[in-house]
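Hello,

Here is the structure I promised to pass on to you. Have a look at it first, and then read my notes below.

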Number of protein chains: 2
Amino acid sequence: MKNITKAQLNAMEPRYRAQMINSLSGFKSANLIGTTNQNQTHNLAIFSSVFHLGASPALVGFISRPDNVDRHTLKNIKQTQQYTINQVAEGFWQAAHQTSARYKEEQCEFKQTGLTAQLIAGIEAPFVEESQLKYALTLKSIIPIELNNTVLVIGEITHILCQEAAIKNDGYIDIESLNTVMVSGLDSYHTSQRLSRLSYAKPETLPKCITINGEA
Amino acid sequence: MKNITKAQLNAMEPRYRAQMINSLSGFKSANLIGTTNQNQTHNLAIFSSVFHLGASPALVGFISRPDNVDRHTLKNIKQTQQYTINQVAEGFWQAAHQTSARYKEEQCEFKQTGLTAQLIAGIEAPFVEESQLKYALTLKSIIPIELNNTVLVIGEITHILCQEAAIKNDGYIDIESLNTVMVSGLDSYHTSQRLSRLSYAKPETLPKCITINGEA
């Protein structure tokens, strides 16, 4: 085993260090966040920091740099209080990655990458038509993280669009059947292969494999 | 496409709703957090909410329920200011899941699940010997999230232990070669299959596949 101390971490070349530290948390979700600005220009950006925060109320969080450094997603969310999150799948992972290029504010990432904006009644922010699992959120809170000048953006889910066959009997959504991809490090994309679902863990018994529908 | 409104979400049976909302953020990392309490009883618990927060300083976050409801991990971190994060791999994913059973405070999850506690000089919190990528952290901040009474726990990485062959030329760690698993929903475990690493995205070109070592 390689043993790396804090002093060695501090001495690393910054890009090497960024690659390494980004690998440590494990596999990361791959999501496109869709927003629109006051000129109705749509924005789309890939994030690997979207995470589940709670089911009741239905809250999802993501980490952003502050918007004083040309971060259009956060700026638009502050303006409109609304955004969409769209799971990235195997059919468009390279176009999704391309949204991380530093396009100008007036350039629309949908046009630049060939992805399709999808609008539904009552929601200003665009969805990604190619995504088979996506949802709209309203902004609930922006919490500053002073340790490294980032922010935690929290939204409440208001509307879900999902391929119906992927929704299983107990509410579990089979995102593997939607070919949802994940990220490791800064730039590696992966598909998944299920080991199993497991039964709820109890002290007196060992967990058992259960079916995709959550049955024993 | 199934279209689910906020009113339909609110009317769902709570366990069904929890399964569904937990599926929305995409694949989640699977990590065991190791702590020790003031009686030197080791604690180990699986978390699917560990996420990368920043590389400089090297910060990692995770979400916890508050410690007034029998949450030993958070309680121990507050006492000792220290913890370890250990990536879960294919060799012990079922034992890792079993740590989520509600064991009593005086029961040690290592003993209950058959995982092996590993101690290294200068770090009180136990590592998981079976894990091939793990690191120690010191507590930096606990940020309350009032929206749903959870907390964001942030630690700084002080020590990394990693299988040396997995560390690539540019600092990227090939966690797929370590058989690191991921979670979807509340209870589904998956292995990964790499599509590719991609070059840094620039507006004027399309991303290209690069080697595992980050080369064109």
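**What I found**

In helix α3 of chain A, which covers residues 72-80, the buried residues include A:Thr73, A:Leu74, A:Asn76 and A:Ile77. Seen down the axis of α3(A), the buried residues fall within an arc of 165 degrees, so they line one face of the helix. Please keep in mind that this is a predicted model.

What covers that buried face? Among the elements over the buried residues of α3(A) are the chain A strands β3 (31-36), β4 (42-47), β6 (58-64), β7 (82-87), β10 (133-145) and β11 (150-162). Just after α3(A) comes A:Gln81, with a positive phi of about 65 degrees.

Further along chain A you can find a hairpin made by β8(A) and β9(A), with 2 residues between the strands. Strand β8 (residues 117-120) and strand β9 (residues 123-128) of chain A are antiparallel and pair over 3 bridges. One bridge joins A:Ala117 to A:Val128 in β9(A). In the turn, A:Gly122 has a positive phi of about 90 degrees.

Next, the core. The largest nonpolar core has 122 residues, and A:Val88 and B:Val88 touch the most other members. Leaving out residues up to four places away in sequence, A:Val88 touches A:Ala30, A:Asn31, A:Leu32, A:Ile46, A:Trp93, A:Ala96 and A:Val181.

Finally, how do the two chains relate? Chain B superposes on chain A by a rotation of 180 degrees with 0.0 Å of shift along the axis, at an RMSD of 0.0 Å. The two copies are therefore related as by a two-fold rotation axis. The same surface serves both copies, as 100% of the contact residues of chain B recur in chain A. In chain B, B:Ser192 comes closest to the rotation axis, with its C-alpha at 2.2 Å.

Enjoy exploring!

Conventions:
Residues are numbered from 1 along each chain as its sequence is written. Chains are lettered from A and ligands numbered from 1 in the order in which they are written. This is a predicted model: local features need pLDDT of at least 70, side-chain atom pairs count only at pLDDT 80 or more; totals for chains, interfaces and linings use all residues. A nonpolar core is a set of buried Ala, Val, Leu, Ile, Met, Phe, Trp, Tyr and Cys residues joined through C-beta atoms within 7 Å. A residue is buried if 20 or more other C-beta atoms lie within 10 Å of its own, exposed if 12 or fewer, and partly exposed in between; C-beta atoms are placed from the backbone. Two residues are in contact if their C-beta atoms, placed from the backbone, lie within 7 Å. Copies are superposed by least squares on the C-alpha atoms of residues with pLDDT of at least 70 in both. Two strands pair if DSSP finds at least two bridges between them. Helices (H or I, at least four residues) and strands (E, at least two) are DSSP runs, numbered from the N terminus. The arc is that of the directions from the helix axis to the C-beta atoms.
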